[in-house]
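Here are a few friendly notes to read with the model open beside you. Take the points one at a time and find each element as you go.

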Amino acid sequence: MDSEMTLNEILSNFNDKSRDNLIPILQEEQRHRGFISREAIIQIGTALNLPVSKIYGVASFYNQFRFNAPGKHYIQICRGTACHVKGSARVLDSLLTDMSVKAGETTRDKMFSIEVVACVGACSLAPVIVVDNEFHANVTSAKMSSIVSKLRKEEK
Amino acid sequence: MIELTINNKKVTASENEMLLSVIRREGFHVPTLCHVEGLTPTGACRLCVVEIEGIRGLVPSCAYPVRNGMVVQTHSNRLIEARKTIIELLLGTHPDDCLYCTRRDTCELLGLAEELGVRERRYKKQPQIPKIDVSSPALMRDPAKCILCGRCVRVCEEIQGVGAIDFIGRGSNCVVGTAFNEGLNISSCVNCGQCITACPTGALVEQKHIKRVLQALNDPSKTVTVQHAPAVSVTLGEMFNLPSGTDVQGIMISALREIGFDQVFDTSFSADLTIMEEASELVHRIQNSGKLPMMTSCSPAWVKFVETFYPQFLPNLSTCKSPMQMLGAVTKTWWAQKNNIPRENIYNVAVMPCTAKKFEATRPEMGDLTPDIDAVLTTRELYELIRMKGIRMTELVPQFNDNPFGQRSTAGKLFGATGGVMEAAVRTAYWLITGKNLETPVIPEVRDLAGVKEAHIEIDGLKIGVAVASGLANARKILDDIALGRSDIQFVEIMSCPGGCIGGGGQPYGTDLDAVRSRMQSLYKIDRDETVRFSHENESIKNLYTEFLGKPLGHESHRLLHTDYYKRTVMK
C-alpha cells in the first residue's frame with residue numbers, strides 16, 4: 001500500500017475520463033488506500049459520469065477489490081482444492097466465528113482483515129494461511145488461534 | 001437486403017438486423033426471458049438459441065446479426081431440449097412458492113416451464129435465502145425469485161437514465177442490487193416501477209396497499225374516498241380481456257362502489273385544477289420574468305429524479321402538487337368541512353397507474369400532520385381487489401363519479417398520455433392571456449409515442465417553445481440541452497414512464513407498446529368526442545374557485561395546492 005496520492009490526483013492522471021479506465025482507476029485507488037471506500041466510488045462515478053451501482057458492480061466482480069479499510073494484520077486463508085481437502089473450511093469457520101466477521105471484512109478493533117483466496121500455490125503445505133505475507137503450513141483451528149493470540153499479545 | 005431461410009421459409013431482412021427480430025416478424029415463436037425490444041441485447045438467458053447450418057454450437061438469436069444465405073432452425077429437438085434444460089436450471093434455485101406468488105398468472109418463467117413441458121425438478125441447489133428488500137415505500141425486491149435476466153438493470157439505465165441497480169458480485173454469488181447492496185430507499189431509485197413491468201418473475205413487485213384499504217373499508221368510523229387517474233379507465237379493461245384501449249370508466253366506477261368506497265372521485269377533475277394553477281403559474285412566470293423554462297411536476301418519479309440528479313433545476317419545477325395530491329388536500333379540508341367529517345375520519349385512496357405515487361403520498365410535505373393520501377393502489381392492485389370482491393366487471397351497469405370532484409374536461413383526461421399536460425396547459429394559458437379559446441385545441445406535434453417532442457406556439461404574438469419528453473433518459477437530453485444554454489424553450493413536460501402514465505410502472509405487466517398506443521388513442525378519442533375540452537370550462541372547477549379557493553395562485557391555493565422540493569443527497 002503506497003499512501004499520499006489522493007483520488008483527485010489519481011483521477012487527474014487519467015486524461016481519458018471514459019469507462020474504459022474504470023478498472024485502472026480502481027486499481028490505483030486500492031494501491032494507495034488499500035481499499036475502495038464509499039466516498040471513492042461516488043467520486044469516481046462523478047468523474048466518469050457513471051452510476052455508483054455500475055462501479056460497485058464492476059468492482060465487486062473482481063476478487064482483487066476490497067471495500068473495507070484494511071486492518072493492521074492481513075490474513076489470507078487459502079480455499080484452493082488441496083487446502084479444502086485438508087480441511088481449510090473448518091479453519092476459516094473457526095476464525096470467522098472467533099473474530100465475528102465475514103470473509104472480506106475487517107474486525108471492529110481494526111486489527112485483522114480476513115480474505116479468502118483461491119490458491120496461493122503452496123499446496124504441499126495445505127492447509128495454508130498467509131499472515132502479513134508470511135506463510136503458515138498445516139494449519140488447524142488450534143494453530144490458527146495461537147497465531148492470532150500471539151499477534152494480539154505483540155500489540156499489548 | 002439480406003436473404004435467409006428460417007425453418008425452410010425463405011425470408012428477407014435488412015442489414016444489421018438481429019436474427020431474433022426477423023424470426024419473430026416471420027411469425028415463429030422463439031421464447032426469451034432477457035430480451036426487451038429496443039434495449040441492448042445481452043444474450044443472457046440463452047433461451048432464444050437457434051441452430052444455424054455450418055455453425056456447431058447453438059447461437060443466441062437476439063444478439064446475432066443476420067447474414068446472407070443463413071439457414072436457420074428454431075424448433076429442432078436439440079433446441080427444445082436445450083431450452084427445457086435452461087428453464088430446469090433456472091428453476092433449480094428458484095423458490096417453489098408459485099402458489100403464493102403475485103405473478104402466478106403472469107410469470108414468464110412459469111409460462112415457459114409450462115410451454116416446454118417441465119414436469120419435475122431435475123436440478124436442486126440449496127438456495128441461499130437472501131433478504132427481501134422492503135425498504136422502499138414503492139417497490140419490493142425479492143432476490144430469491146430473480147433469474148438475473150437483467151431487464152430491470154437495462155430499463156433502469158437505458159430507458160430511465162437512473163442506473164440505481166446493477167449486477168453485484170459474480171458467478172453463483174451474483175445478485176441484482178444497488179451500490180453496496182443496500183436498500184432501495186437510500187439509493188438513487190426514483191420509484192418509477194418500470195423495472196416491475198419489465199421483470200419476468202415475481203422478483204420485483206409494488207408495495208401492496210390492498211390490506212390497509214380493506215381495513216379502512218371495514219372501519220365504520222371512516223369515510224373512504226377513492227380517486228382514479230386518467231390512465232386507469234383506458235387500461236383496466238385489458239385485464240378483463242377487453243380489447244386494449246377500451247374505456248371502462250362507467251363500469252369501473254360501479255366496481256369501485258361495489259368494493260365499498262363511499263365516494264368515487266376523478267383525478268382528471270383535479271388534473272383540471274392542476275392546469276388552472278399550472279397555466280396561471282406559467283403565464284405569471286412569463287409575464288414577470290420568473291424562472292424559465294417551467295417544468296411540470298405531476299410525475300413523482302420525475303420530481304425525485306430532479307431532486308437527485310439535477311438539483312440546479314429545482315427552481316424550474318412548477319410548484320404545483322400533482323393532481324392526486326391536490327385532490328387529497330382539497331378532500332381533507334374543504335370537502336371535509338362542507339360535509340362535517342373530521343379530517344381524521346377521512347381515508348383517501350388513489351388508484352394510479354404508478355408506483356412512485358406510493359412514494360409521493362409518503363412525502364412529509366404532502367399532508368397536514370396526517371397524509372392527504374392514505375393509500376395508493378396500482379391498476380394491477382385494483383384488478384386484484386375487484387377479483388377478490390367477486391365482482392363481475394363486465395356485468396356491471398355503468399355509473400357516474402360523485403360530485404363535487406367528479407366532473408372533468410377532456411383536457412384533464414389527456415394527462416394520462418405523454419404531451420397531454422402540455423396540451424391542456426397551453427389551452428388554458430391561451431385563454432388566460434387572450435381571453436379566448438384556441439380554435440384548434442389539438443397540438444399534433446406533442447402527440448404520439450415519440451420520446452422527445454417539441455413545438456413552437458404563438459399566443460397573441462408571444463412565441464412559446466415547448467418540449468415534451470417521456471422516459472427519464474429522454475428527459476436528460478432536454479435538461480442537458482437547457483444546461484448548455486438552450487433558451488428557446490419556455491415550458492417542459494416530463495413524464496417518467498415511456499408514453500406517459502398509460503405506460504406507467506403500475507400498469508399491467510410486460511411492456512406492450514401496442515397496448516400503450518391503444519390506450520393513447522382512446523384518450524385522444526375522448527378528447528375528440530366530448531364537448532368540454534378546456535380545464536377552465538369545467539363547471540366544478542369554477543365552483544371550487546368561487547366557493548373556496550378564490551383565484552388560481554391565491555392564498556388558499558398556495559396553502560393547499562403548491563409545494564416545495566429538496567435536493568437529495570444519495571449515492572448516485
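1. In helix α16 of chain B, the buried residues are L472(B), N474(B), A475(B), I478(B), L479(B) and I482(B). Buried here means that 20 or more other C-beta atoms, placed from the backbone, lie within 10 Å of the residue's own. Seen down the axis of α16(B), these residues fall within an arc of 150 degrees, so they line one face of the helix; the arc is taken from the directions from the helix axis to the C-beta atoms. An α-helix has 3.6 residues a turn, so residues three or four places apart point the same way.

2. This is a predicted model: local features need pLDDT of at least 70, side-chain atom pairs count only at pLDDT 80 or more, and totals for chains, interfaces and linings use all residues. Residues are numbered from 1 along each chain as its sequence is written, and chains are lettered from A and ligands numbered from 1 in the order in which they are written.

3. What covers the buried residues of α16(B)? The cover includes α10 (300-309), β17 (452-459), β18 (462-470) and β19 (491-495) of chain B. Helices (H or I, at least four residues) and strands (E, at least two) are DSSP runs, numbered from the N terminus.

4. Now turn to chain A, where an open sheet of 4 strands has the order β2-β1-β3-β4, with mixed pairing. Strands pair if DSSP finds at least two bridges between them. At the edges stand β2 (112-117) and β4 (134-136) of chain A, each with a single partner strand, so one side of each is left without a neighbour in the sheet.

5. Strand β1 (residues 73-78) of chain A runs parallel to β2(A), joined by 6 bridges. Within β2(A), S113(A) is the bridge partner of Y74(A).

Conventions
A residue is buried if 20 or more other C-beta atoms lie within 10 Å of its own, exposed if 12 or fewer, and partly exposed in between; C-beta atoms are placed from the backbone. Two residues are in contact if their C-beta atoms, placed from the backbone, lie within 7 Å.
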